[in-house]
Amino acid sequence: MTRADEGMAFLLRYENVAWYEDGQVRILDRRIYPIRTEYVVCKRHEEVAQAIADMVTQSGGPYTAAAMGMALAAHEAEGKREKELVAYMEQAAYTLSHARPTTVEKMKRVVEGSMEVVKKAVESGACGAALTRALADYAVERIDKNYQSYGLVAKHLADQIPQGGTVMTQCFAETIIGSVLKECRARGNEIHMICPETRPYFQGARLTASVACDMGFDVTVITDNMPGWVMKEKKVDLFTSAADVITMDGHIINKVGTFQIALAAWYWGVPYFVTGTPNRAHPDLESVHIELRDPALAMEAMGTKVTMDGVKGYYPAFDVTPPRLCGGVVTDKGIFSPRDLKSYFL
């Protein structure tokens, strides 16, 4: 088949997101790319879950890793009887989907799809190596459909970018970044990208900027305290981010720092468009858990400590942008007002 990652940057090729083969899952270590190109190799599904928790992969990567982790779990369970097999896979599904607390509901949808494959295999008696292969195939089909869906999102977002426009991003929006660049290239629109570095993991500097550069676009990295000023000085036309959660009442939960860039965009009259799908499992903010990560990470840069002993750190992984700061939620079905997300499901 013609895969939807054709024409994408190295970082977005399926084998470089997460890949099951021969009893192991190989995940490109996004914590160190492009400084070094190394893979974390997981031989147990628990190791896949730990890799997700440890930010070996992030953005859309954990969802592919979880699906590949389910194939690995099936490999581990080869030889188990039907009831024991289903119970083992259900436990694996729980472990993988709960690797990071803020994205549990979205992750559940991935592993639930894997469990449907498991149950059909049990009913037909096609277990063992056949089940492992079926789950690996499901993981590939899932990421391919996801890329195709984001191709539609990219068309709607590209409609909002003027010819030769300047776009500011936040963190690493993964598939949508590659897709919108691919769409802009198809339209002959050579846009300019500005990427805040996104500490403490530097996803904007290392990942988003690498994808744009790899695909031949002009891209500039700025530090995390520059967006408000740079937005005016560089005449940014549009600010965009993905979202880890979009609640049904229009709140956007994304990498910490998104809120302050959205505020600056509102002040300067720059439209902010978020990409993603509203999540009915999250009706409002009360249903969202903001993950607090290791505070030591706020006191270091790429593993080098930059503070004196005795200084404290604080690291919320996400922040919340209210709906009034967002010009639209860009989906595969079009652009919706953050105040009318129920229409997406009609």
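A charge sits over a ring if NZ of Lys or CZ of Arg is within 6 Å of the ring centre and within 35 degrees of the ring normal. In this predicted model, K333 lies over the face of Y344, at 4.4 Å from the ring centre, and R26 lies over the face of Y39, where the separation from the ring centre is 3.9 Å. Y344 also takes part in ring pairing, being linked with F336 and F345 into a cluster.

A pair of aromatic rings is described by the distance of the centres and the angle of the planes. The structure holds six aromatic pairs, and one of them is formed by F10 and Y33, which are stacked with 5.9 Å centre to centre and 15° between the planes. This pair links distant parts of the chain, since F10 belongs to the segment before β1 (18–21) while Y33 belongs to the loop between β2 (24–28) and β3 (39–42), 23 residues apart. Y33 is buried, whereas F10 is partly exposed.

The rings of Y267 and W268 have their centres 5.0 Å apart; because their planes stand at 85° and an angle over 60 degrees counts as edge-to-face, the pair is assigned to that class. Y267 counts as exposed, and W268 as partly exposed.

| Residue | Relative accessible area | Class |
|---|---|---|
| F10 | 32% | partly exposed |
| Y33 | 9% | buried |
| Y267 | 60% | exposed |
| W268 | 37% | partly exposed |

Conventions: Residues are numbered from 1 along each chain as its sequence is written. This is a predicted model: local features need pLDDT of at least 70, side-chain atom pairs count only at pLDDT 80 or more; totals for chains, interfaces and linings use all residues. Side-chain values use heavy atoms; hydrogens and water are left out. Rings of Phe, Tyr and Trp (its six-membered ring) pair if their centres lie within 6.5 Å; planes under 30 degrees apart count as stacked, over 60 as edge-to-face and the rest as tilted. Helices (H or I, at least four residues) and strands (E, at least two) are DSSP runs, numbered from the N terminus. Buried means under 20% relative accessible area, exposed over 50%, partly exposed in between (1.4 Å probe, protein chains only).
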